Amino acid sequence: MFQRVSQAGWILALFFSCSISFAQDYEFKKVSKEELSMSVYPQDTTADAVYLHKSRNTYYEDDEVKGWVLYTDVHERIKILNKDGLDYATRKINLYQKGKLKERIESIKAYTYNLEDGKIRSEKLSKSGIFENMETENRMEVSLTMPAVKVGSVLEISYRVVSPYFTIIDDVVIQEDIPTAHHYTKIQILEYFQFSRLIKGNFNAQPKDYTDTRRIDFTYEQGGGLTSTTKDGAAIFKEFISEYEYMHVPALKEEPYVDNIDNYRYTVVYELSSTKSQSGVVKEYSKTWEDVVKTIYKYDGFGKQLERTNFFKDDLATVLEGSNGYMDRMNRIFDHVKSHMNWNKRYGMTAASGISRAYKDQTGNTGDINLLLVAMLKEAGLNANPVLVSTRSHGIPAYPTLDGFNYVIAAVEIDGQRYLLDATEKMTAPNVLPSRVLNWNGTMVMENGLSMKVDLYPNTISQVSTMLTVNLDDFGDINGNVRSNLTLLEALDQRRSYENESISKIEEELMDDYNLDLVSELELKNLKDSAKPVSMSYDFEKEGAVEIIDGDIYLNPMFFLGMYENPFKLDERNYPINFVHPYLHRKIININLPEGYTVTSVPEALNISLPDGLGAYTFNIAQADGKLNLVCSMTMKQAVVPALYYETLKEFYSQRVAKESEKVVISKS
């Protein structure tokens, strides 16, 4: 039976139709003139390319030496519709290997087809277009670079992946970044393996499921020595078969404000639940999250690390000397670990080096550093525990698995208040986690492997307050000053951006970001003091910053601080809008008008709100004594907004963009 994976904001949306007949035949090298003549895909006229056909067949074979082997045959036909679609001229295939067990690719066939003078021309992929590269210790990437590709080409690729990891079936990915005219997948599982199936992306999979029998022929040796003979044999097995076939699967189009787009891609995930030997012995594999956490806790690189405290006791006593209360202890230990340790940029939920070795070397992965932090906090008498996390790039695991987590942070309970800490970043503060960690829920692991869910998103609003003073002359040039104040996560982002930058480099970046002619007198305060807001001030100049028509000056009162394009462009969006954290952005703009000019037109005030208290926007402008004063604020009170609010949010931003694009008109008195 299918089990549905549920996440906030995942809305059921079936945009494509299931084909009535299964296993439609798309023969290799049967590319038609109609396919080559196609200039646009009717179901999505904005598509850069389209999968005309995408099929896969996964099945088992018996190897006399290796035993069961998993085969996957792939056949793809891609139409290039415009220049941006040329990216699909390279096909990348990932192969896994560990020790002597290696996946391999074989039977590669690939052609590029073009229509020239009314005739179909084909060019075969040569060996020189096939590249292998070890991306990591366990992952090799095979790249197929297709020849003679241009706009209008049709690419046809087929290959076979042979895997010794016969208990791991790759996800059935149904939705791609470009539309798919025809998708077909067949999964054939022998009776000795039982898999659970889970759906990601909240679509209606509707596979065709049935049971069939299969004959596998083999040879074996009978007798020994001079009397040894080779015999042929055969075995009959039951197969559980699933066929997935769809027509016109829409592209998964990504917009800003999404955690990990693959969380919402139409996918069927296969998880091994049990195996059965030929003698009928059943071994169960499926786990609950509680089982997973208990297993991780027993790792020498996890739970055992929290017991190893002798090596830091003297340093801890020095750190805590004269401390006052639990909060002071937490902050002192947190600051000590941040300053003493250096993150090697590697993720891990366990200590790769061991916290003792990492402490001595003053470097380690996320597990080394944050498990060290937990151990020190516990030794100091605080109620501290590790929290397992799946980072945003790692995604949301579809089912309980040891690979579901790739990171760990610390949690401390003081007077009923929970504080989440990550010492890998020297500029973080309690409850100010780097954005990579802010991915739905973490799992707090207590002694003996007991666990509970922890919401990782902050409730406190991070703020950016900006004051812009502008002096405008009658030639349309401006100069002035910007002062800003940033708190919490907004401050952390600023600290990380400017951590290793010189003042002159930051001034150049501000000039580029805001299209200014000059930025000078830059001052940054509290960049290294995570307990305080970050303050920034700089002067600027810009020639020709406004329009002058028939002596009247048309100026945008937001200047370079406005939003002039709506980030939300899709007609509909079926995944959440993820702002990472709640925020308040407030801008106060004071404009000194040139002498002898008066205001003849100003935008009207605007005050709008999102439903259910999600957010609000205000825009108010006033004039007095040769000056314009504008106050504009944008508040988002929730880190993640469900997709059901998308249409409303898109209109909300549309009104904001329209308002911030309106002009003030001033004329000579």
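Predicted model: local features only at pLDDT ≥ 70, side-chain atom pairs only at ≥ 80, totals over all residues.

**Terms and values**

User: Why is R91 called buried?

Analyst: R91 has a relative accessibility of 18%. The term buried applies under 20% relative accessible area, exposed over 50%, and partly exposed in between, with a 1.4 Å probe and protein chains only; R91 therefore counts as buried.

User: What makes R91 and E76 a salt bridge?

Analyst: A salt bridge requires a side-chain nitrogen of Lys or Arg within 4 Å of a carboxyl oxygen of Asp or Glu. For R91 and E76 the N to O distance is 2.8 Å, and the pair meets the rule. Distant parts of the chain are linked here, since R91 belongs to strand β5 and E76 to strand β4, 15 residues apart. Strands (E, at least two residues) and helices (H or I, at least four) are DSSP runs numbered from the N terminus. E76, with a relative accessible area of 2%, is buried.

User: How do you know that E176 and K54 tie together separate parts of the chain?

Analyst: Their side chains form a salt bridge at 3.0 Å, N to O. E176 lies in the loop between β12 (172-173) and β13 (180-190) and K54 in strand β3 (residues 49-63), so the bridge ties together parts that are 122 residues apart in sequence. E176 is buried because its relative accessibility is 16%, and K54 is buried because its relative accessible area is 12%.

User: How many salt bridges does this rule give?

Analyst: The count comes to 30 salt bridges.

User: What makes D361 partly exposed, and with which residue does D361 form a salt bridge?

Analyst: Its relative accessible area is 38%, so D361 is partly exposed. D361 is bridged to R357, with the closest N and O atoms 2.7 Å apart. Both residues lie in helix α5 (residues 355-361), 4 residues apart, about one turn of the helix.

User: Why is G85 called buried, and which residues does G85 touch?

Analyst: G85 counts as buried because its relative accessibility is 0%. The residue lies in the loop between β4 (67-80) and β5 (90-98). Contact means heavy atoms within 4.5 Å. Residues up to four places away in sequence not counted, G85 touches D48, A49 and I80. G85 and V50, 35 residues apart in sequence, are 8.6 Å apart from C-alpha to C-alpha.

User: Is A545, by its value, buried or partly exposed?

Analyst: A545 has 29% relative accessibility, so A545 is partly exposed. It lies in the loop between β29 (534-542) and β30 (547-549). Apart from neighbours within four places in sequence, A545 is in contact with G476 and I478.

User: Why can the buried residues of α3 be said to line one face of the helix?

Analyst: In α3 (residues 313-320), the residues L316, V319 and L320 are buried. Seen down the axis, the buried residues of α3 fall within an arc of 85°, so they line one face; the arc is that of the directions from the helix axis to the C-beta atoms. The face turned away from the buried side carries D314 and T318, which are exposed. Among the elements covering the buried residues are α4 (325-340) and α6 (366-379). Just after α3, G322 has a positive phi of about 80°.

User: What makes β23 and β25 edge strands?

Analyst: Two strands pair if DSSP finds at least two bridges between them. The open sheet has 5 strands in the order β23-β22-β21-β24-β25, with antiparallel pairing. β23 (417-421) and β25 (451-455) are the edge strands, as each pairs on one side only. Strand β22 (residues 407-414) is joined to β23 by 5 bridges, in antiparallel fashion, and V412 stands opposite Y419 in β23.

User: How does α6 run relative to β22?

Analyst: α6 lies across β21 (383-389), β22 and β23, and runs at about 20° to β22. Such angles, from 0 to 180 degrees, are taken between N-to-C directions of lines fitted to C-alpha atoms, for helices over the stretch in contact.

Conventions. Residues numbered from 1 in each chain as written. Heavy atoms only, no water.
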